[in-house]
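Trainee: Could you walk me through how to read a model of this kind, feature by feature?

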Amino acid sequence: MKQRKKAPEGRSQADRACTEGARVAEQANGSGQTLEARQVSVSFEGLTAVNSVDETLHQGEILGLIGPNGAGKTTLVNAMTGFQLPAAGEVLLCGKVISSLSPHWIRRHGVARTFQAGRLFRDMPVSENVEVAAVSMGLSRKKAHAHAMELLEWLGLADRAEMPAGILPYTDERRVGIARALALSPQFVLLDEPAAGMSDLECDDIMQVVREIPERFGCGVLLIEHNMRVIMGVCARIHVLDSGKTIARGTPAEVQKNPVVINAYLGHS
Ligand SMILES: Nc1ncnc2c1ncn2[C@@H]1O[C@H](COP(=O)(O)OP(=O)(O)OP(=O)(O)O)[C@@H](O)[C@H]1O
Ligand SMILES: [Mg+2]
């Protein structure tokens, strides 16, 4: 597997990503390769954490999901990956209703995710954390190891492959989480704050990782992030939640100047 290219700079890359993402989404529109939330609602003891949300993620695109703390971003991802049964609405994978299927089934059928908090096997070496995911998809131990090492190399973690995952710094844990999700060879990958706690330089690196996912792995990416430089730099389009409801959607340029979004979120971040 090739080494990752150096992180490119500036808006022109973001603009290219937008155009490319929009083109890919348009092409994918007719292909049926979609992960769809249809009028999804999730409630916790009287609190409506997600309120009638619609979204369709297409293979090959990068979609940003943003909003203030508690807006319902993780809960929506939980519903789209089988970790949370919606109170109403449906989740569809390539047209098939999957809302009530298990996280295991959904993972095996092409929808991978990362978690806000690590969830690594802390006593296991980093490489085995990734291998386990590849083995779960039917690869032999040998092939799974080779695949895991390719992914770790790509993510700049090859020299940490034999370390117990529990001693990794937090930012490396986030990268191992991405490797684990991609080891499942998904059609869709949902990343919950992969750049949390990262320095500007580390953010540049994670932006480049996310940008490369659609082409390298053929996936659609849903990216939750509070770091607006990351979101605006890699996403073709953005969905904004506040108090569980969709308050805006559009290109980075449209969302950035939307007064409702500025008032609810961007003005405070
Ligand atoms: N298991 C749960 N039980 C009860 N309430 C929950 C549960 N999970 C989430 N919530 C509540 O649902 C709302 C949405 O939470 P969620 O974690 O989805 O927000 P978020 O947009 O991901 O926020 P953040 O940016 O802080 O990660 C919050 O009010 C949260 O307290
Ligand atoms: Mg969250």
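Mentor: We shall take the sheets, the helix packing and the ligand shell in turn. This is a predicted model, in which local features need pLDDT of at least 70 and side-chain atom pairs count only at pLDDT 80 or more, while totals for chains, interfaces and linings use all residues. Residues are numbered from 1 along each chain as its sequence is written, and chains are lettered from A and ligands numbered from 1 in the order in which they are written.

Trainee: What is the order of the strands in the open sheet of 4 strands?

Mentor: Helices (H or I, at least four residues) and strands (E, at least two) are DSSP runs numbered from the N terminus, and two strands pair if DSSP finds at least two bridges between them. Here the order is β2-β1-β4-β5, with antiparallel pairing, and the edge strands, each pairing on one side only, are β2 and β5 (96-97).

Trainee: How many bridges join β1 to β2, and how many join β1 to β4?

Mentor: The antiparallel strands β1 and β2 are joined by 8 bridges, with Glu 36 opposite Thr 56 in β2, and their hairpin has 2 residues between the strands, where Glu 45 takes a positive phi near 40°. Between β1 (residues 34-44) and β4 (residues 88-93), also running antiparallel, there are 5 bridges, and Leu 35 stands opposite Leu 93 in β4. As a general idea to keep in mind, side chains in a regular strand alternate between the two faces of the sheet.

Trainee: Which strands lie at the edges of the open sheet of 6 strands?

Mentor: That sheet has the order β6-β7-β8-β3-β9-β10 with mixed pairing, and its edge strands are β6 (111-113) and β10, each of which pairs on one side only. From one strand to the next the twist averages 20°, where angles run from 0 to 180 degrees between N-to-C directions and axes are lines fitted to C-alpha atoms, for helices over the stretch in contact.

Trainee: In which sense does β9 pair with β3, and in which sense with β10?

Mentor: With β3 (residues 62-66), strand β9 (residues 237-242) pairs in the parallel sense over 4 bridges, and Gly 64 stands opposite Ile 238 in β9. With β10 (residues 245-250), β9 pairs in the antiparallel sense over 5 bridges, Val 240 standing opposite Ala 248 in β10. The strands β9 and β10 form a hairpin with 2 residues between them, and Ser 243 in the turn has a positive phi of about 50°.

Trainee: Which strands does α7 lie across?

Mentor: For such packing, two residues are in contact if their C-beta atoms, placed from the backbone, lie within 7 Å. Helix α7 (residues 200-217) lies across β3, β7 and β8, running at about 160° to β8. Helix α2, for its part, lies across β3, β6, β7 (188-192), β8 (220-224) and β9, at about 150° to β7.

Trainee: At what angle do the axes of α4 and α6 cross?

Mentor: The axes of α4 (residues 126-136) and α6 (residues 170-182) come within 7 Å and cross at roughly 25°. That makes α4 roughly parallel to α6, because angles under 35 degrees count as roughly parallel, over 145 as roughly antiparallel, 65 to 115 as roughly perpendicular and the rest as oblique. In this contact, Val 126, Asn 129, Val 130 and Ala 133 in α4 meet Val 176, Ala 179 and Arg 180 in α6.

Trainee: What is the angle between α4 and α5?

Mentor: Helices α4 and α5 (residues 141-154) pack at an angle of about 120°, with their axes 8 Å apart, and that makes α4 oblique to α5.

Trainee: Which residues are around ligand 1?

Mentor: A residue is near a molecule if its C-beta atom, placed from the backbone, lies within 6 Å of it. Around ligand 1 are Phe 44, Leu 47, Ala 49, Gly 67, Asn 69, Gly 70, Ala 71, Gly 72, Lys 73, Thr 74, Thr 75 and Gln 116. The elements that give two or more residues to this shell are β2 (47-58) and α2 (73-80), and α2 gives the most, with 3 residues. By class the shell has 4 nonpolar, 7 polar and 1 charged residues, where Ala, Val, Leu, Ile, Met, Phe, Trp, Tyr, Cys and Pro count as nonpolar, Asp, Glu, Lys and Arg as charged, and the others, Gly among them, as polar.
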